[in-house]
Amino acid sequence: MKNYITHDEWCIVENGFHAEYNEITESLMSLGNGRMGQRGNFEEHYSGKSLPGNYVAGVYFPDKTRVGWWKNGYPNYFAKVLNACNWIGIDIKIGEEVLDLNMCEIETFSRVLNMKEGVLERIATVKLAEGRRIKIHSKRFCSMADDESGAISYKLTPLNFSDNVTITPYLDGNIRNRDSNYDESFWNEVHKETGFSQGYLILETKQNPYGVELFQVATGMSFDIKLNGLKTEYQSLPVKIDKYVAGTVKVEVKEGQELSVYKYGVNLSSTNYPKEKLLEECKAYVARIAEEGFDRLLETHIQAWAEKWERNDITIEGNIAAQQGIRFNIFHLGQTYTGEDERLNIGPKGFTGEKYGGSTYWDTEAYCIPFYLSTAEQKVARNLLVYRYKQLDKAIENAEKLGFTDGAALYPMVTMNGEECHNEWEITFEEIHRNGAIAYAIYDYTRYTGDDSYVNDEGLEVLIGISRFWKQRINWSKEKGQYVMLGVTGPNEYENNVNNNWYTNYIACWTLRYTLEIIGKLWTQDSRKLNEIIIRTNFSLNSEMESWKHIVENMHFPYDEKRKVYLQQQGFLDKEILTVDDIAGERPINQNWSWDRILRSCFIKQADVLQGLYFFEDEFQTEEIKRNFEFYEPMTVHESSLSPCVHAILAAKIGLKDKAYEMYVRTARLDLDDYNNDTEDGLHITSMAGTWMSIVKGFAGQRVKDGMLVLNPYVPEQWNSYSFRIGFQGAGLLVSVSKTDVSIQNTSGKSLTILLGNQRLFIDAFGSVRV
Ligand code: BGC
């Protein structure tokens, strides 16, 4: 755990430069706008520890699979979000000395990410050779209002000398993914061009044998230089080398004068523009934003953030660390996915690092959808569902590769374009519960929004595909006289190839039940539409439905009568049952134990049975949930970032308030305090949605029952009060919870009736209630 980030309500502050943690800080201070993402790298050359990162949404490369022992069914490639052209770079030479913070003495330093405004700022004074002191002040943002662009203001002041300063703003496409399987570069140059204080570089992804389209990204820059805030005459010397363009400017700067560089960057991708138009569009875009200028761009960007915060802010009184933690999570979720584009999704690291390839996991459906449902327009969550609908054919193909037939769909564990990218057999072939989460998200969306047009128009086809998969994946056990599911990996990846994982069996049966229910509803509401779907999917109404019902009624669920708990899988109790207290000092076990030892142990990586009890809580008694929680939680090591939030929500529900808070703290400051020693790889974006859930679903008990919003709030002992904003079916609420009362303000023109505990409350449009 690290503790070098200063606690502040709105800002992430690094006071004094922590070179040894630089890659961590770069992750924490990443900027993005849903279309592009940029790690918190320095603009000027830095020879110390750093992971340069600039990502363009939807642009990836199919990196050839690398495994020790090939297994039939493995995917050919892993789609990786590409580390793209560096557009922020500005090299600086003072006289003949290169400005490099790794090579000079740093006198003062602060790097601040202002989350309210989405701006990264750095102020430093450094000592160069011969005691020459200089002040650096940089500010930058990835515009939320103009989401294919960003802007930088970079200022230098010589404090005790006068000299020539050489400034080289550049675009550099010589960038590699650190996680490239074969240490290859993924980019080819297509075009480069320079003009007066301008540069353009078009890169294309390298040829691949997998039929994946070649993406082009046109990056453009324009810059402007001022002395003491005034226009100054300068010449810009063009530089063009392989995959690199720049303009070099030499300016004589006197002691105390402020030299400012304003740099505007644009990244346009061929996913949004025809390739032959990219250059022209990029030039027009660059010209437009340069004309607007830094201050005006910044203003509209801050305004866009203000509108976001208006929808999704959470305030916490009485605990700055907690306040900073939750805003940090909301901020990064907001800049990772805006819901503007149904082709995009949410990688577990967003655009803050390379790990997990920027691809889509079940994290989206199980963790992120509730956040966007409550804090963004309805279309945002819907677009996440549409993403999977559009990949249904690929999910069917994916299942066919594994031997399934007749329209059975297996969604990939990891994907960019619908094709499976994961290549560990125990996950690729066996961690199939992901299919259930995709079905669950359809239910979650429909329940929350009350909008059944998605499930009726598109979702049902997805449900039929997934149900067909479950039907074929399950087999009848003569021995048990029940259906069983063999050879799976549950959410707890510290167990592989188990039989009858309770969670997977449960979510499979639930999917069958839900699909049957939707078919039944559509039958009475719109039989014509149902008929169209039946024809499209070649569905056999009688026989398929009958067989699903039979499974639902006869599925095996491992259970221990003595302890009255569901068993994570068959044979779980043969293990030596210990608690995490028994292995204090040996955690994290994934860094200290052999894989074999982990697999044989009872220790659980993340919620498994409890994941099911969280999803389907209405189908269980609270006492039952409590019993299972008390059995499993003590064995859980929470070595997945997705784990603590589910435990926080359940603990809050069953009244274990201390445990709920302990779990909340773990999830909220996971990256800020680098709990798992891996923030340098990037942030845990998908689990950030879990942090939000811990407050809203955990402490505030937000649920939807029979189409009605339910709240059941309490304030954790460690806080004085908190408030959050959520949207529900067209209404907007600001809910404030203190130790003595709850007040709910309707910020919208739509009235709403909610349940507060057991009390029905009518809240008029723009009205408020206090209880
Ligand atoms: C977790 C998975 C998760 C993945 C990406 C793994 O460590 O066990 O459940 O999907 O990370 O976040």
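**Close-up views of a predicted model**

**Figure 1. Leucine 683 sits in the loop that runs between helix H19 (657-668) and helix H20 (685-699).** The model shown here and in the other views is predicted. Leucine 683 counts as buried, because its relative accessibility is 0% and the cut-off for buried is under 20%. Its contacts, leaving out residues up to four places away in sequence, include Ser27 and Leu28. Phe328, His332, Pro348, Lys349 and Thr352 are also touched by leucine 683. Asp671 and Met688 complete the set. Asparagine 329 is a further point of reference: 354 residues separate it from leucine 683 in sequence. In space, the C-alpha atoms of leucine 683 and asparagine 329 are 9.6 Å apart.

**Figure 2. Asparagine 312 belongs to helix H3, which covers residues 294-312.** With a relative accessibility of 5%, asparagine 312 is buried. Four contacts are listed once neighbours within four places in sequence are set aside: Ile330, Phe371, Thr375 and Arg725. In the domain assignment, domain 1 covers 5-311 and domain 2 covers 313-699.

**Figure 3. Tyrosine 440 is a residue of helix H9 (residues 433-449).** The relative accessible area of tyrosine 440 is 4%, so this residue is buried. Neighbours within four places in sequence are again left aside for its contacts. Tyrosine 440 then meets Arg447, Trp510, Phe615 and Phe616. Threonine 511 lies 71 residues from tyrosine 440 along the chain. The C-alpha atoms of tyrosine 440 and threonine 511 are separated by 7.5 Å.

**Figure 4. Aspartate 596 is found in helix H15, residues 595-600.** Its relative accessible area is 43%, so aspartate 596 is partly exposed. Glutamate 495 is 101 residues away along the chain. Between the C-alpha atoms of aspartate 596 and glutamate 495 the separation is 9.9 Å.

Figure 5. The C-alpha centres of domain 2 and domain 3 are 27 Å apart.

**Figure 6. The whole chain, for orientation, contains 20 helices and 33 strands.** Its radius of gyration is 27 Å, close to the 28 Å that the globule rule gives for 771 residues, so the chain is as compact as a globular protein of that length. Along the principal axes, the C-alpha atoms fill a box of roughly 85 × 65 × 55 Å. Buried residues account for 63% of the 771 residues. Of the contacts between residues at least 6 apart in sequence, 68% join residues at least 24 apart. The accessible surface of the chain is about 28800 Å². Carbon and sulfur atoms hold 45% of that surface. Charged side chains number 83 positive and 108 negative. The centres of these two sets lie 1 Å apart.

How values were computed:
Residues numbered from 1 in each chain as written. Predicted model: local features only at pLDDT ≥ 70, side-chain atom pairs only at ≥ 80, totals over all residues. Heavy atoms only, no water. Helix = DSSP H or I, 4+ residues; strand = E, 2+ residues; numbered from the N terminus. Rg over C-alpha atoms; globule rule 2.2 N^0.38 Å. Buried < 20%, exposed > 50% of the residue type's maximum accessible area, 1.4 Å probe, protein only. Contact = heavy atoms within 4.5 Å. Areas by Shrake-Rupley, 256 points an atom, 1.4 Å probe, with all protein chains shown as cover. Lys, Arg positive; Asp, Glu negative; His and termini not counted. Charge placed at Lys NZ, Arg CZ, Asp CG, Glu CD. Domains from an automatic or database assignment.
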